[in-house]
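Subject: Structure for your review

Dear colleague,

I am passing on the structure below, and would be glad if you looked through it alongside the notes that follow.

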Amino acid sequence: MTAITMVSDLALDPRTGEVVAAMPVSTPQHLAETVAAAVLATTAVGSVSPAARAGWLEGLANAVAGAVDTLVPTADRETGLGTARLTAEVARCANQLRFYAAVCREGSWLGATIDHATSDTPDLRRVAVPLGPVAVFGASNFPFGFGTLGNDTGSALAAGCPVIVKGHPAHPLTHAALADLAASTLAELGAPAGTFGAVTGLDNGRALVLDDAISAVAFTGSQAAGLSLWSLAQSRPRVIPVFAEMGTVNPVVVTPAAVAQPDALATLAKGSVQSFTLGMGQFCTKPGLLLVPTGAGVAPAVAAELRGGVPARAAAHRRDGPLVCRGGPHLAALRGHSRRGGGRAGCRLGRLRHRAHCPGGAAGAGLAAAGRVLRPGHPRRGVCR
């Protein structure tokens, strides 16, 4: 007899390597039931008034904020991000949900227009409608702000789209806690069954994108994983949009005047490490490309200082050390990147080339795009705005 091994997502304490918990991944049956529930809820969720959906989001925000004392220790044990950082991120998650509630209630995103009938023209009316169930793939390093109840989930719910979140294996316990909190809170607020669902497992993530019932995908993470999901979406008989915010390497420009300052190299090294390990700034833009203008004469020293200052924990996650170049054509190329189309406000140098497959950016996956009827002949690759 062949033994059957249950596949699990392991929650690991990054400080010690200890296995905190083994969370069984979703079965194919659970995936099928979750998708079916979302399909059944699609019409009901889309028909609910924006004001009512705003109430759901505000309820979720209150629930998240109220559970900070249990959510933070759980996330810290399996991410090692620290209680201060995670406490602030819980507040950020709650505020994001409240933001989408406010925008949902305001209603201008619906783009409603009415042309009343005249003696020779009919009555014409137009309004944006939800696309349908949205699959959300959250980030590994922001379990609250860009995770199970992050921007993508909030915006999709605001637009009237049922959401199915594929939990990230980097923090399975946190995902489970947030998923349970979301399901119970929405049920208490009277949201239709199937408004929110959650699955886990790599294979289930692929199956989710390929399922014909899914109408859009939102993703935050690496370029490789994002393009993989985009390719799956393109392979479907009915192609769907993938709103992917993918990581890249951002340039940091150092001038000769800055290098000449006392302790300049130590300051640069410290700033590079902090931006990576503490999640400062935009988390998916790593300051790995250091541009030192020609004539500064210290590029090798800067590179050595930065490589020497990166701790083992950060180095284990960074494929390459900082690349040092001396301006010239590199800067000209970067100026070219800044003129390309770029998703939501906030696209920065070096990220734009990896956003060419997304009509609106991950944070707008629901509100700015999943709530819009795509025109006939929508291009297979999408168009950044």
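On the surface, L10, L12 and V19 make up a nonpolar patch whose accessible area comes to about 240 Å² together. Patches here consist of residues with over 30% relative accessible area and no salt bridge, with nonpolar side chains (Val, Leu, Ile, Met, Phe, Trp, Tyr) joined within 5 Å and like charges within 9 Å. Of these residues, L12 belongs to strand β1 (residues 8-12) and is partly exposed, its relative accessible area being 38%. The classes are buried for under 20% relative accessible area, exposed for over 50%, and partly exposed in between (1.4 Å probe, protein chains only). The areas themselves come from the Shrake-Rupley method with a 1.4 Å probe, and for residues only the protein chains shown count as cover.

Please bear in mind that this is a predicted model, in which local features need pLDDT of at least 70 and side-chain atom pairs count only at pLDDT 80 or more, while totals for chains, interfaces and linings use all residues. Residues are numbered from 1 along each chain as its sequence is written, and side-chain values use heavy atoms, with hydrogens and water left out.

As to the chain as a whole, there are 14 helices and 12 strands, these being DSSP runs numbered from the N terminus (helices H or I, at least four residues; strands E, at least two). Of its 385 residues, 48% count as buried, and the chain exposes about 17,900 Å², of which carbon and sulfur atoms supply 60%. Among contacts with a separation of 6 or more, 77% are between residues 24 or more positions apart, a contact meaning heavy atoms within 4.5 Å.

Leaving aside residues up to four places away in sequence, L189 touches G55, W56 and G59; the C-alpha atoms of L189 and G55 are 8.1 Å apart, although 134 residues separate the two along the chain.

Turning to helix packing, the axes of helix α1 (residues 28-47) and helix α7 (residues 202-210) come within 11 Å and cross at roughly 35°. Here P28, L31 and V35 of α1 make the contact with N204, A207 and L208 of α7. The axes are lines fitted to C-alpha atoms, for helices over the stretch in contact, with angles running from 0 to 180 degrees between N-to-C directions.

The structure also holds eight salt bridges, each defined as a side-chain nitrogen of Lys or Arg within 4 Å of a carboxyl oxygen of Asp or Glu. In one of them R85 pairs with E89, with the closest N and O atoms 3.1 Å apart; both residues lie in helix α4 (residues 83-106), four residues apart, or about one turn of the helix. R85 is buried, at 17% relative accessible area, and E89 is likewise buried, at 3%.

Another salt bridge joins D212 and R238 (3.6 Å, N to O). Since D212 lies in the loop between α7 and β8 (216-221) and R238 in the loop between α8 (223-235) and β9 (242-246), the pair ties together parts that are 26 residues apart in sequence. D212 counts as exposed at 52% relative accessibility, whereas R238 is partly exposed at 36%. Together with R236, D212 and R238 are linked in a network of salt bridges.
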